[in-house]
Structures are given as C-alpha cells and as structure tokens.
There are 2 protein chains.
Amino acid sequence: MVQTKRQLHLNLFLTGMGHHEASWRHPGSETGNNLKLSHYVKFAKKAEEAKFDSLFLADRYAVSRQGAKYGLQGGIEPLTLLSALAAVTENIGLIATVSTSFNEPYNVARRFASLDHISNGRAGWNIITSGTDGEAQNFHFKKIPSHGLRYEKAREFLEVTSKLWDSWEDDAIIADQEAGIFADDQKVHEIHHKGKFFAVRGPLNIPRSPQGRPVLVQAGSSADGIDFAGQYAEVVFTAQQTLEDAQRFYQEIKARATAFGRSPESVKVLPGICPIIGKTEEEAREKEAQLHHYTNTEFSLHQLSNRVGVDLSAYPLDGPLPPLPATDGHQSRTKLIQELALRENLSIKQLLLRLAGGRGHYTIAGTPTQVADLLEKWFENKAADGFNIMPQLMREGLDDFITYVIPILQERGLFRKEYAGTLLREHLGLKRPDTDTINLSAHA
Amino acid sequence: MVQTKRQLHLNLFLTGMGHHEASWRHPGSETGNNLKLSHYVKFAKKAEEAKFDSLFLADRYAVSRQGAKYGLQGGIEPLTLLSALAAVTENIGLIATVSTSFNEPYNVARRFASLDHISNGRAGWNIITSGTDGEAQNFHFKKIPSHGLRYEKAREFLEVTSKLWDSWEDDAIIADQEAGIFADDQKVHEIHHKGKFFAVRGPLNIPRSPQGRPVLVQAGSSADGIDFAGQYAEVVFTAQQTLEDAQRFYQEIKARATAFGRSPESVKVLPGICPIIGKTEEEAREKEAQLHHYTNTEFSLHQLSNRVGVDLSAYPLDGPLPPLPATDGHQSRTKLIQELALRENLSIKQLLLRLAGGRGHYTIAGTPTQVADLLEKWFENKAADGFNIMPQLMREGLDDFITYVIPILQERGLFRKEYAGTLLREHLGLKRPDTDTINLSAHA
C-alpha cells in the first residue's frame, strides 16, 4: 500500500496497573504482578503486535511513606525493565526516563548506547530534570535546585552525551583480525569537555550505536522546557487540555525548533491522551465512575499538594483552588492545573477527580469512534503528530484501545498496519544524526 | 541424590570474544557480534544448561584511543546486558560490576533491586572502586582518588545501599484493594543517612526484592580490599598464582569475616581460572600458542603499563620488570605481577605473554582431567570454595569446559547436576539477609 496520508505516531505510556491513580484498587488490575517481568512482557508484546511506535516508562526518584501507603510503590527502574523487554521484542521503540539532575553524563550516554545496541536501534531517552524536594533529598540536596539551574545543567548534560555518542565515528571500526587493528584511532575521539557542571574526557567506552544517538524525548512545557525541546527534542510529550492550547503549543515547539536551525518535521509533538473506552458513551462513563470510586481524597490531596508545591489540606475541599505561588518545581503542569480549575470552575474536590485519571493529561470516556475522532481532529488540525496513549486501567484500557480504536485509525489511513523499518527513528520518520565532527575534530 | 560432599561453585566470567587479550583476532571468535544481544544470549543459555551458579560481567569506565585501536572496544554496560539476559534465562545468577566511585547509591540500590525483581532473585553486585586516572577523568576528577579514600567511600556507599534495600520490610506490602491500603507505612522507612560522602533520605522507590539484597561480590585483595570483603562480601573473586598464596588468601578472608561477626561460610572465595583445554596437553599448548601468536607487544605493554601505573616502554623488553613504586591504583594486582615476574624470573616480554590470557589470574593449558584435578585440589585444600571460570577464547573455551570438564566434576560429586533452588543465594548456599530493623527503627 502506498501511504499517501501523513501517519500519526502512537506511544504507549506503560504502567503496571494503569494511569488512573486508583487503578491498583480495581479488581481488574493485577496488583501482585506489578514487579514481575512477565507482566510487562505481556503488555509489550501486545503493543508491538498493535504496531505502536514505542513504549515509554515515566520515572520519579523517590517515593514517600504516604505514597507507599496509598499505592505508589515506585517500581522497576526504566532502563532495567526496557533492557529486559528488548530481549523479547523486535520492533517496538523503548523510551526510558532518566534525570539529568541525579546522574553522570558518561554513565547515561553509555547506558542508552548499550540499550540501542542490544535492541538493534530502538532506544529513546525521555530527558527530565526532576522537580521535587523529595527526590533531591535522595541525592544530597536539601531542596530541588532552581528551575533555571536544572535546565542549565540539562543543556550541558546533553552537550556532553551528544559528544560522547559521536566520539566513535560510524566507520571507526575496522576489525581487521589479520592486521590486528580493531578501530581506526583517528576516528575515535577524546572529547575533553570542561563546563560549569561536568568535566569529561571521553571517548565513550562503547562504539556508536545503530541509531547514532537515542531518540531524544522531552516533556517540559515551561519556557525553559520549550527552549530545551527546540534545541534537542525529537519527540515532545505534553499535557494539553484543549485543542486550542494544543495547537498553540504545537506551533510554539515547531517555531522554536526552526529558530535552532532545525526542520519542523524533526520534532514530533505527542500530547497525552487517557482514554476510557466503552461500547457506548454511557458504559465508558460507568467505567470511569468505577475508577473514580476507588480514589482516596486524602491521598489525592497529598499528591496534588506535592505537584503544585502548596499544602492544600489547609483549604476547604468544597472551595476553590487557592492562588498558587510561583514554583521551582513542575511549572507548566502547575499552570495547566490552575487554568483547568478556573475554566471549569472546579472545587478542590472536583479538581481531584478531574486529575485522577490523567494528572493533567486529556481524559476522554467514550466510544471507540469518539476516541478516534478526537485523535484525528487533533492530528489533522496541527495540534499533534501523534499521541502518548495512557490507558487508565491495565490491561483492560490497553486491550480496548488496541481492539477497538487502532483498527478505526488504520481504516482511516492514519496509522500503520506494519512496521516499515526496524529503528525507532524509522517508525518516527526521524533522520539518523551524523557525527558532529566539527565539534570533535579539534580533539583528534 | 543426597549430596554428601561439599559442592563447589562455578561462575562464568562472561566476555564476547574471550579472556585472552588477543582473542578477538582469533578466527574462532565472532568479533562482529560483540555488541549483539543474541551473541550473549547464546552463551548465557549454554552456561545455564551447564548449571553454572552465575554469569559475571567485569567493567571499566573508560577506553583509550590506543585500546580501541588494538581491540578494547569497551562493551555493553553490565546491568543493561544482564537485565536483557534475565528475560531469557530462569536459573543462572547475574552478577554486574558497578563502581562506587562514579555512581550515586540511591540509583545503584534501585537498579540492583530492579534486576533482582525482574530475575526473580538472581542479582549479584560486583563492587569495585575503580583504579585508573583514565576512568576518573570521565567523571570530573583529574586523577583517581587515593586508594584509602576510595574504600572509605565504598564502605559508606554500602552502608547507604544496605539501608535502602532494607527500607521496605519484607511484609510491608498489604495490597488491600478493598481498604485501599497498599503498604503498611510503619514498615516503610526513611533512612536519613548523613555521612562524609552521601546524604540520602529514603525510602527506596521499589519494595524489597526476592533476595532481600543482591549477593555482594568483591574482588579487591589489598589490605583495604580484604577488610571490605570481610565486612560485606558474600563472594570474593581473586587472582592467585599458587596454591599456597590461594590458601593464605582464603584463610585471611574467612578470618576477616569472622572478625566482623560473620560465619566463614557466609563468604565464598572464588579464584579466577583461565583454562585452555585440549584432548592432549600438547593440543592445549598449541591452542595457547595460537592465541599468544595474536598478541601485539606494543598493546600488551600499554596495557601492563596502565595496570601497574608505570610507563614500561622506557625499559628494555628483554630485561626484567623494574621496581614498581607504590600505587594508588590496583594495589594487589600490581603486587601479584611483581611477585610473578620475580618468581619465574621473567623478562618484560615473557611477562607480557604470561599475562595475556589471565591478566594475573591462574592460566592452565591441559587436558580436561588436568583442569578438573587442579580445581579439585584447590577446592579440597582450602584454597577455594569454587572458581571464576574465564575462557580465553569464546565460544570454544566455554564449550570445552562445559563439554569436557564439568562432567568430570559432576562424576566426582563436586558439582551440581540440577539447580536445587531458584535464587542465586540458594545456588551459593548463602542465607537471605533479614532487614536490619535496629538500624532503621529510629527513623519510622
């Protein structure tokens, strides 16, 4: 089939129980399997069979005792789990979240190059700067460093990892057994990076990987985040509550990339969508109500307080969200939550339920056609290049999306029926980066 | 079968090409597959079928341009590769090397807990402090920190990771879906660690793993190293050149463990053995000569110079090893190399060949019976609880050991024919550690 239409991209936001914060309490979840590899193998294989572009694992570097009490057990470290899934899948992309605030660039560059090698070119890195004091306190900080400082460090971190990924040129390996020359040492480069945060000599201790560099993914939507995405990101995950906001954000990202000398197609914008699917809209709404029924107000309030950086337990539940001060944490999400509460005139209690399934991402309870229509509308109206699909309940939400929504998208010619390539870059229509030899040539 | 005899333990030192430094040049190696997962899956499955206790991946945090030229390409990061192998094996232990000098304890504790979960209790950590300037320079140091300082940091690192692994008690998880209580928060602990090197609040963001803690492995044989092993190690890898030295070391490790209030059985000593196996001794020696034939003197000298911290290219190849100054690098290996050169009266050139296959580990070229006799002798004479088997050429060396030596050991009642348990701890006869609640109770 010759594909004449632009194709949308689908990423699965992989969780053990579901994206709804109370999903683990639902009888349909398999709470006891949350730390078992077999549980995730099952989901990964389903998603690959359905031709998703990629799987993605979010991450946080802390769990609180109260979080543990109410179901936030933390989980398997993303690169560990995705490395295991690389061994039992063949095509689907594998996107791991790793923070630039609590890691060394040499280690991170190497681990992504390693995943890219063992998966034959399917690695992606969701770059985060992390935004909570609870995380910072596991890494010798008293408080999370300021938003600006975190992004400054992230930019230097990416500069270092990019140099390291390029430190072995693509044709550096000769492997002449007879002559005894493994690599052309003129094509293996020390990087001699010295910056404000890092000093790294290089070269990386692993040759360049199938994709050259992992696909770079980013989700910050603050001014710093958008700037960073414009410079580096090839995929942008984002939370958007209205078509208009999504269009504005889409336009902003493409413009920012252009300003950095990149083509608008070199960065794909994937808003998060948290669907609940029913044969009828009523059935979908009943499913949603059942999930909402399991929420715990105390816990939801604790979560929201953490997210916006204000202890909301001091405010009446039936009253409005108080004005939120400027935060050094997750700026764009805080702004989105404020606007959502104001636009829909929600009390704190109503807001908690509104956020339970999507935490700010777009939620929809509807029929397969309603969900497909939504995706098509956003996709065709320059609000999205595809979507980050976040099933609220695993496995039912994933099964429903695969069984009922994907075939509609395929019928409409919007989504692949077969993988066209093997690299994640190929699924996404992204080019393989050349080595930045200008950057390195001084250090041969 | 009732096993009446004490059983020896076998670990496979896993490499892509072989432990001999020139193995990649041998026509029998598969140099082009060194970064392919399928290559290692094949070896891991063979080793599991042969009932090895475990696989082990060594590691270094740097590669030099000259190293790259002559075949040291670096390789897949150990936890990445072992996570992938966890998905395609069921019983064999998975031991990854991670340095305490270039990582954060929170990340390391979590990654090993994650590997232990996804492998159903097969994770081991080979703890290294790293010993070269080349590695330090990839992590903002000018030179490698002093030997004493590295071990001081390692001890605090282990204190932190141990607290983190214990921060969720074994029965912390309730998972009461109806009541909405996932964990008993009285059994999830912040650790509030504040030390010279690290400040970590905890708890860990993953519940306690099947083995409680990964099996702790260590290979330092300096005074600091032995002290560290006595306190923490459950498996000790070591390079020993004579039965007498191995016996002395064995005795020292057991005594040191006893001094720390541990039983001598709680730490297993596994010297490295690099076998080359032939149907006759002559055939084995021919195989060894063929591997030696591929060595490159310039490269071997570069390697040895790095290892002992002295540029040996300034000395005549046919002359003796010069006196070596005290090093802040790999102290015990430097001492072993000096003693070996002196005992066997070797020129530098002869020493290079002597080290090519084992880098200080015991090499033997002989028949299957000769190899089995050696292992039995060391095992029965309190020089070893088992061995770290380092095939000099992959895959031939591994195949020969499995096909010809293991059956002899099994016939002699020295090695298992079936796995008796599923945890790596069970293979090794090590008990599962309790949570150290005394340590944590103050911080409920």
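Which side chain meets that of A:R412 in a salt bridge? The views below answer this and visit several other spots, all in a predicted model.

**View 1. A salt bridge joins A:R412 and A:E376 in chain A.** The partner of A:R412 is A:E376, and their side chains meet with 2.7 Å from N to O. A:R412 sits in the loop between α14 (396-411) and α15 (424-428), while A:E376 belongs to helix α13 (residues 368-380), so the pair ties together parts that are 36 residues apart in sequence. Neither end is fully hidden from view: A:R412 counts as partly exposed because its relative accessibility is 23%, and A:E376 is partly exposed with a relative accessible area of 21%. As a general point, side chains of opposite charge can pair when their charged atoms come close. A search over all chains of the structure finds 60 salt bridges.

**View 2. In chain B, B:D385 forms a salt bridge with B:R6.** Here the closest N and O atoms are 3.0 Å apart. The pair links distant parts of the chain, 379 residues apart: B:D385 lies in the loop between α13 (368-380) and β13 (386-389), and B:R6 lies in the segment before β1 (9-13). Are the two residues buried or partly exposed? B:D385 counts as buried because its relative accessibility is 5%, and buried means under 20%. B:R6, at 39% relative accessibility, counts as partly exposed.

**View 3. A salt bridge connects B:R432 with B:D170.** The closest N and O atoms of this pair are 2.9 Å apart. B:R432 is partly exposed, with a relative accessible area of 30%, and B:D170 counts as partly exposed at 44% relative accessibility. Turning to chain A, salt bridges that share partners join A:D166, A:D170, A:R208, A:R213 and A:R432 into one network.

**View 4. A:Y151 and A:S222 are among the positions that UniProt lists as a binding site.** The UniProt record, an unreviewed entry, places this feature at A:D59, A:T97, A:H147, A:Y151, A:S221 and A:S222. A:Y151 is part of helix α6 (residues 147-165), and A:S222 is in the loop between β9 (215-218) and α7 (223-232). Why do we call A:Y151 buried? The reason is its relative accessibility of 7%, and A:S222 likewise counts as buried at 7%. Leaving aside neighbours within four places in sequence, A:Y151 is in contact with several residues, including A:T129, A:Q218, A:S222 and A:F228. With residues up to four places away in sequence left out, A:S222 touches A:H147, A:Y151, A:Q331 and A:S332. A polar contact of 3.4 Å also joins the side chains of A:S222 and A:H147.

**View 5. B:S29 touches residues of chain B and also A:Q177.** B:S29 is found in the loop between β1 and α1 (37-49) of chain B. At 7% relative accessibility, B:S29 counts as buried. A polar atom of the B:S29 side chain lies 3.3 Å from the backbone oxygen of B:S23. Not counting residues up to four places away in sequence, the residues touched by B:S29 include B:M17, B:W24, B:L393 and B:M394.

**View 6. Chain A has 16 helices and 13 strands.** The C-alpha trace spans about 75 × 55 × 45 Å along its principal axes. A compact globule of 444 residues would have a radius of gyration near 22 Å, and chain A agrees with its 22 Å. Of the 444 residues of chain A, 65% count as buried. Residues 24 or more positions apart account for 78% of the contacts with a separation of 6 or more. The accessible surface of chain A comes to about 16,200 Å², and carbon and sulfur atoms hold 49% of that. The unreviewed UniProt entry places the feature "domain: Luciferase-like" at residues 24-379 of chain A. Over residues 24-379, the chain is 42% helix and 14% strand, with the end C-alpha atoms 32 Å apart.

How values were computed:
Residues numbered from 1 in each chain as written. Chains lettered and ligands numbered in written order. Predicted model: local features only at pLDDT ≥ 70, side-chain atom pairs only at ≥ 80, totals over all residues. Heavy atoms only, no water. UniProt positions renumbered as here; feature names shortened; annotations may be inferred. Helix = DSSP H or I, 4+ residues; strand = E, 2+ residues; numbered from the N terminus. Buried < 20%, exposed > 50% of the residue type's maximum accessible area, 1.4 Å probe, protein only. Contact = heavy atoms within 4.5 Å. Polar contact = N/O pair within 3.5 Å; in protein donor to acceptor, adjacent residues only side chain to side chain. Salt bridge = Lys/Arg side-chain N within 4 Å of Asp/Glu carboxyl O. Rg over C-alpha atoms; globule rule 2.2 N^0.38 Å. Areas by Shrake-Rupley, 256 points an atom, 1.4 Å probe, with all protein chains shown as cover.
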